[in-house]
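These are my notebook entries on a structure I went through chain by chain. I wrote down what I looked up and what came back.

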Protein chains: 2
Amino acid sequence: MSQIKLISRASRVLSVSGVAVRAELSGTVLPQPQGNHTSVRTMASAQKKTLTLETLNPNITKLEYAVRGPLVIRAAEIEKELEKGAQKPFKRVIKANIGDAHAMGQQPITFIRQVLACVSDPDLLESGQYPSDVKERAKSILAACGGQSVGSYTMSHGIELIRRHVAEYIERRDGHKANWQDICLTGGASNGIKNCLQLLCNKVDGKDTAVLIPIPQYPLYSASLAEYGLGQVGYYLDEDHNWALDINELERAFLDGSKTHAVRAIVVINPGNPTGQVLTRSNIEDIIKFAQKHGLFVFADEVYQDNVYDKDSKFFSFKKVMRELGAPYDSIELASFMSISKGYMGECGLRGGWMELCNIQAGVQAHLYKAISAMLCPTTLGQTAVDCVARTPMPGEPSYELWNKEKTAVLESLKQRAKMIVDTFNSMEGFSCNVVQGAMYAFPRIELPPRAIAAARADNKLPDVFYAFKLLEETGICVVPGSGFGQRPGTFHFRTTILPQPKQLQEMLDIFKDFHQKFTKEYS
Amino acid sequence: MSQIKLISRASRVLSVSGVAVRAELSGTVLPQPQGNHTSVRTMASAQKKTLTLETLNPNITKLEYAVRGPLVIRAAEIEKELEKGAQKPFKRVIKANIGDAHAMGQQPITFIRQVLACVSDPDLLESGQYPSDVKERAKSILAACGGQSVGSYTMSHGIELIRRHVAEYIERRDGHKANWQDICLTGGASNGIKNCLQLLCNKVDGKDTAVLIPIPQYPLYSASLAEYGLGQVGYYLDEDHNWALDINELERAFLDGSKTHAVRAIVVINPGNPTGQVLTRSNIEDIIKFAQKHGLFVFADEVYQDNVYDKDSKFFSFKKVMRELGAPYDSIELASFMSISKGYMGECGLRGGWMELCNIQAGVQAHLYKAISAMLCPTTLGQTAVDCVARTPMPGEPSYELWNKEKTAVLESLKQRAKMIVDTFNSMEGFSCNVVQGAMYAFPRIELPPRAIAAARADNKLPDVFYAFKLLEETGICVVPGSGFGQRPGTFHFRTTILPQPKQLQEMLDIFKDFHQKFTKEYS
């Protein structure tokens, strides 16, 4: 276990041999248990609490989710202080910490919202204000709901009609058959990912199960592995090759992890979060071969599949590449995840998504579907939005032109912002930033002067956390320190979204430049 | 552990000493692992599957959720057969298995749906078709959303404005202060219940944690305890006293469970599911005293708080009773759960609810809020509906009259149906059914002739499962066998909702009567 932790948490300690306290590791303000378990019952009964830091599920104590971590909590406090009239060197907080497009000013896709309005209030179907394809869509969804109401439960894996539309979407995307029975609608991708990860909790040949995850990674993975008590084996993405997956590094991580754990699955995020790379087809082929060789279940996090900006990059789904590799590779166990929160839709608040399950043993899939049934169903309105994403307006239909215009505008603007942010960062001293080929983030590497590192240590913070806190307090810009995602020891990064609208983004980058110059000067 | 299982699973075996195979226990068609773990890796690699029935998370294999179990899966198959023109002795399936009001013909509350339409498509705010209070409500919710869009993420515990409205709702209900910071919005009550249960996973004094749950219970509890590997200690509800909680029985269960486990929490469902009782204030007082005495965390499942039909019954929240008992009882750890799926709203598909946390250690609550942050947020549209439920139209506001009319009509009709169903069941030979004082279910006890029990055994089914399958195949009526909820050994029950509309309910009861007569005749 300690081996594994060394791999995965290496990025969080100042030196491999360093003894770091947890507060330093994460910059967290959350309380930690003290004392030992034997004394707990006595303490608890004195305080009349059965749930204390000592008796709390230790996996919950361990769990961290930097995207909404202490820095973001502080950002919310600052917003409240500003509301109350506090004097700060800035007027508002810029939340570049989370891929929350609408919050940053992106406008919703009209077609989705009109369909949502109609299924919510079917009286609107009688009014003349909506295009006919909006009304038809709403009617078809209502017809698939119990009692023709979105207030009814659906099947736990979602409305059959919508699952069929998702399968058709995937067939159009990949040029390969998709079975609608293998599509499971979810309340956002996170739900599906967690439900699948949980299936793996078991000992195999006397060893606990572990999962390979990228470093840097999206912290839902580290958080869920901690929650489920699964081992985490990090493989480093290759920063020098635009965050590609290096098969030698995968082999190294697998070998290391296998010393203590049964390594049974690999997570790949493509396009990358927080790293913004788009994997080449040949890289995906190699990963599939690696997974097949070691009998790994592949988690393909493909929620940014619409977000590809680089002219030389293209999104290939793991499913497509696997099918086209043929036997024996086309029989690997694969779950692919999609969300309506990203892409051009950015409908984070609606909570909708799906997973496609490939080559899962029928009995296992039945148990998965049974397990999710206790949670009843994903939200019908999220499912409605999923339907609008899986089956978009087609040329010739009344809503097509507006839909296409809105979609193109969002993606074009994101493309410009991706370039703007990378160019600016790369023009800054001590910054180096890979091309943002896709997704919604830049993950620049920053050099921090030794005096800054010492100051961070004195402040009981990791250097990148120290930097990000300074940035927040002095400029109102909220980013997430690289240690929240993992990074090679001795390197420092942060993640920023590319989502502020162009004018605000320019303003943010100007402020950032100023801050970084001052910071470097202060600590040089 | 076997002690505990004996208590909780007693109802599932034919005799306490009987060796029962799992298929018989649950009537499930789900595949079970074969062989032992040592052989697994070989099998898995031969089949190139890393996830097999043998390597699957054993807690997921164990988990059962009867409300959507094998009987319900069969009901869905029958519906498909009917669609394809199969000849059956009935024309349609009546789904009395799940509290899904809209699916059974209940109409949505107009105010909720109009607000949902407006926040989905804010262009509707400019149109003249909605009352001013609908538009104001929608505007206030949009103003609380990032970028004024329901497409934005909210805080993980929900929009502050709505949490404040929930606190005000609770204050009006109870006459006691509620802190909005202790309100956590959820995607339905189930989410909140699971998140709180999960906190308890830990050993205390070397013993695994167990939770007291009622028998009969709502199977989300048994399913979640299985999923989290928590011990389940059943306490029997007193069928002879309209399913009250008998403190002696609670003490017995606590003592029994404590032999092997650290019993740290108790679940109480009031009004009762599947049992339909409404606890008296004095019963609640006794339960709180019992919880305080043993230092138990109380899970108060109060999702049916609006569903009280009996003229002599009244809903008292655990929070209110606890506060009014005063010290030392007012410091017990308590979580109360509420949902928009039940009550007069019946908005199951929207997935909205809340929990109120009382007397939880601040650090523990911080860890809970952190843990849910990885799941980002409950759906904004579910939160919107929660707001409409917490802050209903008030007298004098444009939407009040219609809202009040709709609400009253739903609750009045449910009251009549509750009576109709109980009266009919009690007029049937071999049936006895407690008064449905509240909630949405009747849980009648049925006598099954010895020959029926023998036939069930021959068919590898529990007797009540056998009965329910016969009922489904011969009449199209889908109920849930009592064994899915738990019942005293040797007794047989089923749960039916009271939700079919009056005419359909009368028809269902007539068919039921016929069926039962034939069944009794066949097996006498």
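Predicted model: local features only at pLDDT ≥ 70, side-chain atom pairs only at ≥ 80, totals over all residues.

**Entry 1, a helix in chain A.** I began with helix α15 (residues 380-390) of chain A, where eleven of the eleven residues are buried, so the helix is largely enclosed by the rest of the structure. Buried here means under 20% relative accessible area, exposed over 50%, and partly exposed in between (1.4 Å probe, protein chains only). Helices (H or I, at least four residues) and strands (E, at least two) are DSSP runs numbered from the N terminus. Among the buried residues of α15(A) I noted A:L381, A:D387 and A:C388. I then looked at the N-terminal end of α15(A), which is capped by A:T379 through a side-chain oxygen 3.2 Å from the backbone nitrogen of A:L381.

Residues are numbered from 1 along each chain as its sequence is written, chains are lettered from A and ligands numbered from 1 in the order in which they are written, and side-chain values use heavy atoms, with hydrogens and water left out.

I asked which rotation superposes chain B on chain A. B:A117 is the residue of chain B that comes closest to the rotation axis, at 2.0 Å (C-alpha). The same surface serves both copies, since 99% of the contact residues of chain B recur in chain A, contact meaning heavy atoms within 4.5 Å.

I found 103 residues of chain B in contact with 102 residues of chain A. The area buried between the chains is about 8,500 Å², and carbon and sulfur atoms give 54% of that. Buried area is the accessible area (1.4 Å probe) that two parts lose on being put together, summed over both. B:L51, B:R68 and B:Y153 supply 9% of what chain B buries against chain A, more than any other three residues.

I counted 54 residue pairs in polar contact between chain B and chain A, both residues at pLDDT 80 or more. A polar contact is a pair of N or O atoms within 3.5 Å; within protein, one must be able to donate a hydrogen and the other to accept it, and residues adjacent in sequence count only if both atoms are side-chain atoms. On the side of chain B that touches chain A, the largest share, seven residues, comes from helix α14 (residues 362-373) of chain B.

The rule finds two salt bridges across this interface, a salt bridge being a side-chain nitrogen of Lys or Arg within 4 Å of a carboxyl oxygen of Asp or Glu. I checked the pair B:K80 and A:E160, whose side chains meet at 2.8 Å, N to O.

I noted 56 salt bridges over all chains. B:R252 and B:E249 form one at 2.7 Å, N to O; both lie in helix α11 (residues 247-258) of chain B, three residues apart, about one turn of the helix. B:R252 is partly exposed at 29%, and B:E249 is buried at 10%. B:D256 and B:K259 meet at 3.2 Å, N to O; B:D256 is buried at 17%, whereas B:K259 is exposed at 52%.

I looked up two cis peptide bonds. One joins A:I215 and A:P216, with omega about 0 degrees, and A:P216 lies in the loop between β4 (207-215) and α10 (220-228) of chain A. The other runs from B:N270 to B:P271, with omega near -10 degrees.

A:Q148 has a positive phi of about 50 degrees although it is not a glycine, and A:Q148 is exposed at 51%. A:N242, also not a glycine, has a positive phi of about 50 degrees, but A:N242 is buried at 17%.

How values were computed
Least-squares fit on C-alpha atoms with pLDDT ≥ 70 in both.
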